[in-house]
Amino acid sequence: MELRLILLGFGAVARSFSTITSIRSEAIKRKYGASIKFVAVADRGGVAVSEAGLDPLKLASVKKLRGSVSAVPELGKPGITPPELFEMVEAEILVDATSSNLEDGEPSLTYIHRALTDGLDVITANKGAISRGLRKLRAAASSHGTMLLYEATVGGGTPILSFARDLELKEGITSIRGVLNGTTNYILWRMGEGLTLEEALVEARKLGYTEKNYSYDIEGLDTACKLTIIANSIFNENIELEDVHIRGIEDLTPEDLRRAGRKGRSIRLIGSLDRSGAAEVKPSEIPKKDHLCVDSVNNAVEVATEFGEYFLIGEGAGGQAAACSLIRDLAALIRERLKAVEALPSP
Ligand SMILES: NC(=O)c1ccc[n+]([C@@H]2O[C@H](COP(=O)([O-])OP(=O)(O)OC[C@H]3O[C@@H](n4cnc5c(N)ncnc54)[C@H](OP(=O)(O)O)[C@@H]3O)[C@@H](O)[C@H]2O)c1
């Protein structure tokens, strides 16, 4: 089976995804009999297209030197947008790693919808599109027999969606609570060591832990967005970002962290959700030995069920964790495709 991929976006997540996929391509072929080929890659400057397949390492070096994948000699097409690309290239899978717009999910929402209705399966890391348009996208996928996977939108290192989906069937989840944003966790952790919020933010930016619009992180919107995705996916709710009670970390001072520290506690930005869909984001004082009191850019999620509690802990910022999540979705998608082929009546 040959699978042709269109990759939208060529930032930190997409570069890491395409590089790891290429490195793992032989293993994927051995395990699933599927060969993966990147037939098109897009950024804001245009696209690179090749029916024979693009080399992610070469694309990354051109992007670094010349600013856009569309500068690749012979294969680059400056100025072409994703809708124009869909007319030019045939593929089975769209991987969307474009920047998230939490206001209305666009333009990713339109691109994903178009791909699903054109018969492509979609894997996305775009939180804005999934937070704003999950219902519409699921309906499009279901009426066109395509698949939509989006684990990377809520936490690369803490794959809560697949974990919780399985638990929900078996044990009934009552609530979910956790540190869902690695950037703010890093900032609060460093503020606990005496830095101001501004100093910790500069450090997080230098280390590549922040996205372009870091106010989404600081103001709690990113965490709220992830809560809506979890609620709408796991509890089948229909909540919007506006339904979440949100307080960010912008008003916290090192003195707040010091005061908490004197009591053996610390402050973390906690998102919480119960199965009625009630969702809240706020900085909360928690004991240092609490499972959720993780350091650095880590995320931690507590899933309470009717029969006990589970914890997931993992890296919560940086392109690689999200890229690995996209790859797990790609593997899941390949497995589903193989099942569909096996279910076909023999000729
Ligand atoms: N980084 C993480 O830790 C993380 C974790 C989970 C999820 N995510 C999500 O993953 C996605 C990618 O994140 P990132 O860190 O890789 O961001 P990034 O480095 O800013 O890259 C975004 C990429 O999208 C491209 N892009 C934006 N709008 C586009 C459009 N309309 N058409 C074509 N390309 C477009 C940009 O093009 P240019 O290069 O030309 O600007 C850039 O290559 C985001 O939605 C983010 O929320 C990120």
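Predicted model: local features only at pLDDT ≥ 70, side-chain atom pairs only at ≥ 80, totals over all residues.
Some ground rules. Local features need pLDDT of at least 70, side-chain atom pairs count only at pLDDT 80 or more, and totals for chains, interfaces and linings use all residues. Residues are numbered from 1 along each chain as its sequence is written, and side-chain values use heavy atoms, with hydrogens and water left out.

Start with helix α7, residues 160-171. Helices here are DSSP runs of H or I, at least four residues, and strands are runs of E, at least two, numbered from the N terminus. Which residues of α7 are buried? They are Ile160, Leu161, Ala164, Leu167 and Glu171. Seen down the axis, these buried residues fall within an arc of 130°, so they line one face of α7. That arc is taken from the directions from the helix axis to the C-beta atoms. Leu169 and Lys170 are exposed, on the face turned away from the buried side. Buried means under 20% relative accessible area, exposed over 50%, partly exposed in between (1.4 Å probe, protein chains only). Just after α7 comes Gly172, with a positive phi of about 70°.

Now the ligand. A polar side-chain atom of Lys63 lies 2.5 Å from a ligand oxygen atom. For Arg44, a backbone N or O atom lies 3.0 Å from an oxygen atom of the ligand. For Ser99, the backbone N or O distance to a ligand oxygen atom is 3.5 Å.

Note on methods: Polar contact = N/O pair within 3.5 Å; in protein donor to acceptor, adjacent residues only side chain to side chain.
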